[in-house]
There are 2 protein chains.
Amino acid sequence: MGTEERKEREKMEMRQLIVKTALKLFAENGIENVSIRAIAEKIEYSPGAIYSYFKDKGEIIHAIHTEGFEKLYALQRSLDGIKNPVDKLGQMGKLYINFALENKDYYDLMFIAKGIAEKINEKKEWDAGERSYNYLRDTVNDCIEQGYINDKNVDAVTFAIWGFVHGMAALIIRGRCAMMPDEFIQQTLSGSFNFFKTHLITNK
Amino acid sequence: MGTEERKEREKMEMRQLIVKTALKLFAENGIENVSIRAIAEKIEYSPGAIYSYFKDKGEIIHAIHTEGFEKLYALQRSLDGIKNPVDKLGQMGKLYINFALENKDYYDLMFIAKGIAEKINEKKEWDAGERSYNYLRDTVNDCIEQGYINDKNVDAVTFAIWGFVHGMAALIIRGRCAMMPDEFIQQTLSGSFNFFKTHLITNK
DNA sequence: TTAATAAATAAACATTGTTTAATAAATAAA
DNA sequence: TTTATTTATTAAACAATGTTTATTTATTAA
């Protein structure tokens, strides 16, 4: 009898419901203003019930973080068809920044938030992130091999590019550009992009 | 009689003691693991006493944040003597990263931490940050005017450079490079620097 | 010496994440 | 179907947090 399987399924559904609800509340009230109690109330369970599905709050956040990486990686894979690695790199940059600014909660958990880092090490589960990182790295490597980027150190170039896009995204998301008007930020952002692209790519 | 002045002085000293103690505890236990109660105990006062000197915990953190900007700006000003703006820019980059990695607590509060952003807006006191930003911007401007950087958009270039160094620092500080061995990070970091420097500066 | 002011404290409050012992529900065994 | 057992859920409590309030203590002014 398949009651075992059904229960397993129900457990997964409950986990998903909790994660979904948590994410919704995060978006509404900001990540740090969402309590276990609030999540419990929203799904009409007692706070304690949540602990049958997640070891602690960090695990809920970690689940969302992993979900975010799924989304990002899926976006990256949508570039599979682009043959020219420079074009691919440019598109990936835009895609990355867009993802960051349109999914601030996800992005924050994935690349900025503090508690997460411990969970990542504890679980050795930066796998999700590594997959995305390698996708970028491979593209950079193609650029180098095909003579578009004049630098042999793949990791250094990859880290530079990652740092560049992450840095801008993080400054914006964490309110360090709040003094600038929104449209100015947008303009500057695309200006910075052009600057980077123009100078780092060797025109063959 | 100077009792008014003395009291004012004592109040300042107490504020400073609280800030100094908070910073020390931050360094020892991590920013998020320091409570008002812990600070109070360390200086041998009751928790409530602290509220005679700071409106709330955020104000203590904000004071440290401002102190951090004093330190960073002082470091920047040590480059005043460098005539060539490209050299100056390079030195500033190194100096910035070093500051970030050697003063992670300060840097975190200044450029990454969340609560701070609200205080900054609330107080309109990004002045401290703006001074440092303008110092960078002026140097970038010199580079452009003297033909070392081939791009007319000062703000875009400045933001790109800031994003670049901040991005790398933030990824390291927030543990997103924890899977890489330390020496690899150091190598990659300087490699990224070279990459950036080599390609963005037009050799006259 | 007394009155007014300021500083510091102890105690309490509300909120957090989390644990525990008790209850209700669902399943398996008889 | 009835009973026993396992599982899911809850209510209540715990410890820690930031903060407020009424009270006491210390300091200053009269």
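## Helix 8 of chain A

In helix 8 of chain A, the buried residues (under 20% relative accessible area, against over 50% for exposed and in between for partly exposed, with a 1.4 Å probe and protein chains only) are Ala128(A), Gly129(A), Ser132(A), Tyr133(A), Tyr135(A), Leu136(A), Thr139(A), Val140(A), Cys143(A) and Ile144(A). Helices here are DSSP runs of H or I with at least four residues, strands are runs of E with at least two, and both are numbered from the N terminus. The model is predicted: local features need pLDDT of at least 70 and side-chain atom pairs count only at pLDDT 80 or more, whereas totals for chains, interfaces and linings use all residues. Residues are numbered from 1 along each chain as its sequence is written, chains are lettered from A and ligands numbered from 1 in the order in which they are written, and side-chain values use heavy atoms, with hydrogens and water left out.

Helix 8 covers residues 127-145 of chain A, 19 residues in total, and spans 26 Å from its first C-alpha to its last, close to the expected 27 Å; the expected span is 1.5 Å times one less than the number of residues. Its buried residues pack against helix 4 (57-77), helix 5 (85-102) and helix 9 (154-173) of chain A, where contact means heavy atoms within 4.5 Å. An α-helix has 3.6 residues a turn, so residues three or four places apart point the same way. After helix 8 of chain A comes Gly147(A), with a positive phi near 80°.

## Helix 4 and Tyr73(A)

Helix 4 of chain A contains 21 residues and reaches 31 Å between its first and last C-alpha, close to the 30 Å expected. Its buried residues include Glu59(A), His62(A), His65(A), Phe69(A), Leu72(A) and Gln76(A). At the start of helix 4 of chain A, a side-chain oxygen of Asp56(A) comes to within 3.1 Å of the backbone nitrogen of Gly58(A). This is a polar contact, defined as a pair of N or O atoms within 3.5 Å; within protein, one must be able to donate a hydrogen and the other to accept it, and residues adjacent in sequence count only if both atoms are side-chain atoms.

Tyr73(A) belongs to helix 4 of chain A and is buried, at a relative accessible area of 16%. Leaving aside residues up to four places away in sequence, Tyr73(A) touches Arg131(A), Ser132(A) and Tyr135(A). Tyr73(A) and Ala128(A) are 55 residues apart in sequence, yet their C-alpha atoms are 8.4 Å apart in space.

## Cysteines

No disulfide (a pair of cysteine sulfur atoms within 2.5 Å) is found in a search over all chains. Cys143(A) is buried, with 0% relative accessible area, and Cys177(A) is likewise buried, at 2%.

## Surface near DNA strand D

A residue is near a strand if one of its heavy atoms lies within 4 Å of it. DNA strand D is surrounded by 19 residues, the closest being Ser46(A), Tyr53(A), Arg6(B), Arg37(B) and Lys57(B).

Phosphate oxygens of DNA strand D lie 2.5 Å from a polar side-chain atom of Tyr53(A), 2.8 Å from a side-chain N or O atom of Tyr51(B) and 2.9 Å from a polar backbone atom of Ile36(B).

## Surface near DNA strand C

Around DNA strand C there are 18 residues, of which Arg6(A), Arg37(A), Lys57(A), Ser46(B) and Tyr53(B) come nearest. They divide into seven nonpolar, four polar and seven charged.

A polar side-chain atom of Arg37(A) lies 2.6 Å from a base nitrogen of DNA strand C. Phosphate oxygens of DNA strand C are 2.8 Å from a polar side-chain atom of Tyr51(A) and 2.5 Å from a side-chain N or O atom of Tyr53(B). Two or more residues of this surface come from each of helix 1 and helix 2 (36-42) of chain A and helix 1 of chain B.

Glu44(A), in the loop between helix 2 and helix 3 of chain A, has a positive phi near 60° although the residue is not a glycine. Glu44(A) is exposed, at 73% relative accessibility. In chain B, Glu44(B) lies in the loop between helix 2 and helix 3 (57-77) and has a positive phi of about 60°; Glu44(B) is exposed, at 74%.

Note on methods:
Ala, Val, Leu, Ile, Met, Phe, Trp, Tyr, Cys and Pro count as nonpolar, Asp, Glu, Lys and Arg as charged, and the others, Gly among them, as polar.
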